[in-house]
Amino acid sequence: MTSPLLLQILSLLLVAGEAVVIGSGDKEVLVELKRFLVVNNEVNRGGYDAWPESDPTPCRWSGVSCDVDGRVASLNLTGSSISGLAFGNFSRLSALTSLDLSDNSIIGAIPTGDLNQCSGLVHLNLSHNLITGSLDLSGLTKLRVLDVSGNRLEGGVAGNFPAMCTDLVMLDLSNNMLTGNITSLFDGCARLEVVDLSTNNFTGELWPGVARLRLFSAAENFLTGSVPSSTFPDGCGLQSLGLSANQLAGEIPDSVAKCTNLTYMSLWANRFTGMIPAAIGELAVLETLILGSNRFDRQIPAELANCTKLQFLDLSSNMFGGDVQGTFGKLVSLKYLVLHHNNYTGGMVASGVPRLPELARLDLSFNKFTGDLPPEVADMKSLKYLLLAGNNFSGEIPPEYGRLAELQAMDLSNNTLSGGIPASIGNLTSLLWLMLSGNQLSGIIPPEIGNCASLLWLNLADNRLTGKIPSELAAIGSNPGPAFAKNRNDSSVVAGSGECQAMKRWIPANYPPFSFLYSVMTWENCRSIWDRILKGHEVFPSCTNLRSPVRSNSNTFSCNGYVLLSGNFLSGEIPSQIGRMMYLSLLNLDNNRLTGRMPLEIGQLPLVGLWCDFQGGARPSG
């Protein structure tokens, strides 16, 4: 007869043996995964390449986390330079609760047959890959977080709901090509808090349950209908609402004031009409309000001044005429005021806007302002972006603008400005953009412009400038680092609805590498592109000459600057010092009166575009 003690020992050995088998099974799966990834990624590999196969357990491997039983519970391979098809045996990791494959280059369809068997999966992130096909993960009934944003998924998603609704808290389907009616899609998802459907092809009306979420975004879809008052009941928990670029119509209901935690609301590019509701003034924590590209009445409610935390206000493209409304001058916390593409004719100074102490961006471009540029703008100590392009301003550029020490972008293009470029421009040492094209400016290019060490993008085309190209011009853009560093350290640097329009004006679309942006730009991602530009990160696919003094590491701006001087009356020879401008990718000197030959030094530049004709039939040297 077997003794009880022996039975206990045998039992323990069997349990231990099973644990060894289970643990080694997880390791075998990860070794199989590693070898699969190594074969498919011969050049660039992530941390998985260093997984030591001789280890008895994978629990200390990079990106791997285990539970208390030594089972693989979490696998994080985000940004691991993975390309090719997805691995198809994740379901063999039977204790897996979290899988992150984001920010790679995975192609093909989601391996639904495998993933739907990962019945314990709570967190799944497949975002920012190149995944195609449909979304069918209805077998993942315990999911709390699902992120498949930034892929190429298409087709409907209704088959996933309500199957995955039980515990789902966060859902991000943005930036795909998904379709279908969303009107009642999430009715069974009682725990949802965050939903992002933006930049897809969804249809239907606004989901009536948005008020129980913290964040809802369906920007850049094809939603129709109105926003009824019942959308925002008592107890509305919304903190962020994004409905931009749809086909919603009617008036904004006063009941929006019940969303007392709302900090962000964007209704840009819809068909809203009527008065901007005075009830918005009750949103005490509102920071961003984007209502551009609608058909609102020009009367701005005085109650808006009660939004004491409002920092970003966009009322562009609403056909407002007459003088700039005085309510704007009472928004003392405002940092960004975006009023481009209206029909304003005056009142900039009388509105009190130049006296706003925190204003960093003033965009009044493409209106109908006339007369002189207001010198009072020079007293705006916080101003970083002054955008007054596409109006009918005349007279000279006030030399007082040289006092705008924080200015990073000045766009006065396409007005009827005359006189010279003031030498005080040289005081703007943080300036990244100077856009003065399409005016009637005359005289020389002031040599003081060479003091603008941050100036990477200069457009003086189509004016009446004369004289020689000053050799001092070669110094512009030689040290933009301090300006970029300011933007990286400034959490208030935000983007809004005007960035796509501004970039199309400032970045010459017809020339590579700049044309690359237009093939990938959407309303939503242009904000992140703008953010990367402002912070000096590379956004272009070419022009990375390592000799450039601007390039300090792989994550910083390398070149892609430009100098556009075409369509003037500049004369004389091109100064050889231009060959020192190692950040340049585009140089356009066409349609001037230049003589001589092209300096050999220009051959050292990492140019992808060079335009220059010479009087008298002279040819470029070399």
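Reader: Is cysteine 259 buried or exposed?

Author: Buried means under 20% relative accessible area, exposed over 50%, and partly exposed in between (1.4 Å probe, protein chains only). Cysteine 259 has 1% relative accessibility, so it counts as buried. The model is predicted: local features need pLDDT of at least 70 and side-chain atom pairs pLDDT 80 or more, while totals for chains, interfaces and linings use all residues. Residues are numbered from 1 along each chain as its sequence is written, and side-chain values use heavy atoms, without hydrogens and water.

Reader: Which cysteine is joined to cysteine 259 by a disulfide?

Author: A disulfide is a pair of cysteine sulfur atoms within 2.5 Å. Cysteine 259 is joined to cysteine 236, with an S to S distance of 2.1 Å. The link is right-handed, with 90 degrees about the S-S bond. Its two ends come from distant parts of the chain, 23 residues apart. Cysteine 236 is in the loop between strand S14 (215–217) and strand S15 (240–242), and cysteine 259 in the loop between strand S16 (249–250) and strand S17 (264–266). Strands (E, at least two residues) are DSSP runs, numbered from the N terminus. Cysteine 236 is buried as well, at 3% relative accessibility.

Reader: How many disulfides does a search of the whole structure find?

Author: The search finds three. One of them joins cysteine 165 to cysteine 189, S to S 1.8 Å. This pair also links distant parts of the chain, 24 residues apart: cysteine 165 is in the loop between strands S9 and S10, cysteine 189 in the loop between strands S11 and S12. Cysteine 165 is buried at 2%, and cysteine 189 is buried at 0%.

Reader: What is the handedness of the link of cysteine 59 and cysteine 66?

Author: The link of cysteine 59 and cysteine 66 is left-handed, with -100 degrees about the S-S bond. The sulfur atoms are 2.1 Å apart. Cysteine 59 is partly exposed at 23%, and cysteine 66 is partly exposed at 24%.

Reader: Where does serine 454 lie, and what is it in contact with?

Author: Serine 454 lies in the loop between strand S32 (440–443) and strand S33 (457–459). Contact means heavy atoms within 4.5 Å. Leaving aside neighbours within four places in sequence, the contacts of serine 454 include Thr429, Leu431, Gly477 and Pro480. A polar atom of the serine 454 side chain lies 3.1 Å from the backbone oxygen of threonine 429. Serine 454 has a relative accessible area of 2%, so it is buried.

How values were computed
Helix = DSSP H or I, 4+ residues; strand = E, 2+ residues; numbered from the N terminus. Polar contact = N/O pair within 3.5 Å; in protein donor to acceptor, adjacent residues only side chain to side chain.
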